[in-house]
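Have the sequence and the structure open as you read.

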Amino acid sequence: MKKLLLFSAAITFAFSTFAAGKAPVFLFDRDHQDSIVLKDGAKLENGILKMNGKKGYAEFKNSSDFNFTESGMTLVGEAKLFEDPKKENYIARDMILSKGHEIIFGREGTRIYYNFNDGKRWAASFWGGSIPPKNQWTQFVCVVERMNDITQAEVGYRVTFYINGGIEARGKFMYVTPKHDKKPIQIGCGFGGGTWLLNGEIAKAAVYDRPLTEPEIAELMQKSKYVKIIENDIKPVNKKLTAKLADLEKAAKTPQAKFLLDSINLAILDGYNQQNINLLPSKKLISSNLSFDKLFTQWLRQQNKKGLALISTPQAALVAAASGTSGTGFPVYGLYDRKAQRSIFGRKGLEWEITAVTPDKKNLKFTSFASKWRIVKQTADTLNIEWQVAENIKAYSTITLKNARLEADFKVDNNNKNIRIENVTFPKVRFKKLDGNDALTYPSMSGILVKNPTKEQFTGGQEGYFPSGRANMQFSSYYDEKSGIYFAFEDPFARSKYYSVKGSRNNIVCIWDSAVGYEISESKGGNDFKTGGKFVIELFKGDWFDAGQIYKKFLSEKASWWIKELPRTDTPEWFRNTCIRILGVKCSYLPNFTKTKNEVIRMRKYFDMPIAFHWYGWDDHAKGRWPHFYPKDFSLPALKELKSHDIYVKPYIDSRLWRVKDGKDSKSDWMYSSHGKKFAVKKNNGTPVTEIYDGPHAVECPAAEGWQDYMVSLVDRLAGYGFDAIYHDQVATGRYYLCYDRTHGHKIAGGDVWVEKGYQVMYDKIRALKNKYPNLAHDTEEAADPYLKAMDGYMVWRWTDPGQIPLFASIYSGRIQFTGRLFNHQFPGDYESFFAKAAEQLVTSEQIGWFDYPDMQDGQKRLYIKKLGHLRHALLRYFNESDMQHPLNFKKPVPELRSKWGAVGNFTVVTTPKVRHGVYLHKDGLRMIVFTNSTNEKITVYPELETGKNLIAICREGAAKAEITTKIPAVTLAPRSSEVWLIGNGEKLIKEANRISETMLKIANFKP
């Protein structure tokens, strides 16, 4: 967490739906012709606006007072352009929508163009995509999203171009804001006319005062009356074959018959040789009620191994091209869930894409759709595919189906010395919309659950750079009541990738982009690529928790960062056992710090247990800025005093950035030019990558040995001061950058630079200081997979999203300490949210708090935290030595609380159960369930669970002894009280219940 965030806002994420979304602010189409005024000879004919590029345009009525909104906007135009984009020596400038210098959106030459002026300059010049042929109705969309997350230097706007519903280009413009003006919104005109007058026709123009989501844009495209969905990656099907398939589809009665036809149809669309589809099943066969195995046996016998093939298990079936055949596309066409009896793949199953560059900087793109494949080998469970990508470039994939699990790898052998590969998209996979109440999980922060995900979207949260806080694991899941699909990139090396999973055209579309590095000797070409792991699809029954357990199995077997044994003994015991954390943010000056220090000491006495203090402002800017971190004169004496009261102190440092003005009081270049610039991540042009936090900061390359050594020496110095732990800001949450520095000793722009050759190496060196400082702990911002062994704690302060689920904690609980949520010091939430947030911390194994002392002036807040802190202490063996289990079901819905949570720069509205619970299974066989009521009302809930022959020991708040029973009772909780159940047998159960009951009796007598 940056200290600067205390003075700035950050993005708030929310759910958007097309059905519930607001209509456009301005709309022109056939049904809204009176919304515009024709100017200078423009014509309306049959609801179409016609202009000739020499004169004539239109204006939206009453649009002068409309301005760019804080949240962003969307511009839509359905146009037919008359100028040929391929015409030589001519650059057409067809403006679609404009508003003086505040909004510029149209076509310049062969590309889409967007811009705005910030009052001093054109600040968002962005070109991208390619213009379709002339005289073709096309839907152009420009989405402008406000990015306001100063904690990660994402302050500005993201611009995305769509053509006919698909993303064409995306760009970012940081630290700029459009200047408002009073001009009306014009259609077909810009910059006062001239060469910016549109030559063509417009059937629709719309302006929204918010960014539309991808599902919304896809739906706009589907509803268009003029623009046909033209998919360049779909092969045309001859009419005779289309008719025959349609006739067969009408005759298909069973799910397996429909799957067979669905697979054949996908094969045709993806480029499979249509002449080979004379092997269509007969109408008699397709209309039969034969079982899956009998139906496919007869169909395959008919094909005589010349067409399509089947790889099948009792759980799943895969239709692919047969051995020895060839074609274009990706020869895997259908995946079937045999238990749920339904197809899994959407309109196209699997794809890949390769982007590359030539020595003369010509950009190239190769796709599976345009590349010829051949099936090299097929066995009972495996398919080996080879593609001819380009001259002297081949790609390979091995597809394996075992039980309910499909695995796929991908590699590129590049023997072309004049083509250098830059990025590989593998896979791009589409899943068909499931039948029931479907839901999607995405690994952002705590974990996000999106219901009806082909239509709804968690804005800003379903794509990100892995590893980072907004893409912190390598899997998602999509499921309904029948079954689910787990899909993951199981890469045990955690190489840098960009991950996106969103709804589009009634499908879920998952995309992984992998950076492809190169040696200096391969600068012109010849670099290869190979996935670090495998892409996996596994069919399962359950929900988000069950999908997480599949991923956890991969982690335990293959991930280089996994911690196998619990408790985690390389984490200091005091750090594992910390129960309450206090934040100190107003500590830069002695009077403020003295007040904070005294309050923290007072809280330590009230809570009656050791607590931890996270200290911001301990370092002296007059002695140098980041990454130097020298203490203020009062800091070390104060540290000694705090430690004397059993308060563990963790100072703030940043372990990712070097301030460009790093000298005294931020006014001079002290060591930046000599060190920081040398170790910084470099762009392709050799300049350092910088982020803005009260001034420019260079992002340091974690694989640069000099930066690694500097960080080791810094940690050594801070540990020598006597600090108990170090907070390494940004490491786990910050995005990766590709580094082009040729002196750092790593591959240029390699995907292994950030973690494998970078932070893993750095923190191996840092943790080696444990020999010198055995009780020193390390903590970082938020959470991401591969930093597990590097850190002892993840400070998950921004886990405040609506729709969040404890996905990350369900996998990593016990193997890392979660060290704090943001409460109210940024943007306060409402009163009830404080208790809801603390309750969630308890049941998901987090250490309680990271609030600052003003929250503790309230007696009820103070009392609840003390009770939860002592309860957590009593349950540490479950939080630190156990695995989290599936949440319980309840006979009746648990009442819900909708509250405004304090968050970064704004509150978020979060809905939580009023009674929270967590389930943990200890390795000794005891199962523990903790319930807590976060509200000021008495509540009864009715849990369901299987106990077998086990007993239940119920430890109620205020009861001296546990109740032992074999029945499943209701749980009745007084306001802000808790209850613990233990499930097991024998003396072990009784002894443990008596121990916990002592705490339950004690906390009932706590006073505010």
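## About the model

This is a predicted model, where local features need pLDDT of at least 70, side-chain atom pairs count only at pLDDT 80 or more, and totals for chains, interfaces and linings use all residues. Residues are numbered from 1 along each chain as its sequence is written, and side-chain values use heavy atoms, leaving out hydrogens and water.

## Two helices side by side

Start with helix α15 (residues 859-874) and helix α17 (residues 986-1004), whose axes come within 10 Å and cross at roughly 175 degrees. That crossing makes α15 roughly antiparallel to α17 (angles over 145 degrees count as roughly antiparallel). The axes are lines fitted to C-alpha atoms over the stretch in contact, with angles running from 0 to 180 degrees between N-to-C directions. Helices here are DSSP runs of H or I with at least four residues, strands are runs of E with at least two, and both are numbered from the N terminus.

Who touches whom? On the α15 side it's Lys867, His870, Leu871 and Ala874, and on the α17 side Arg995, Ile996, Thr999, Met1000, Lys1002 and Ile1003 (contact means heavy atoms within 4.5 Å).

The whole structure has 69 salt bridges (a side-chain nitrogen of Lys or Arg within 4 Å of a carboxyl oxygen of Asp or Glu). In one of them, Glu599 pairs with Arg602, with the closest N and O atoms 3.0 Å apart. Both sit in helix α8 (residues 590-607), three residues apart, or about one turn of the helix.

Is Glu599 buried or exposed? At 16% relative accessibility, Glu599 counts as buried, while Arg602 is partly exposed at 36%. Buried means under 20% relative accessible area, exposed over 50%, and partly exposed in between, using a 1.4 Å probe and protein chains only.

Asp724 is buried at 10%, whereas Lys643 is partly exposed at 32%.

Arg877 lies in helix α16 (residues 876-881) and Glu992 in helix α17, 115 residues apart. Glu992 is buried, at 9% relative accessibility.

Key
Angles under 35 degrees count as roughly parallel, over 145 as roughly antiparallel, 65 to 115 as roughly perpendicular and the rest as oblique.
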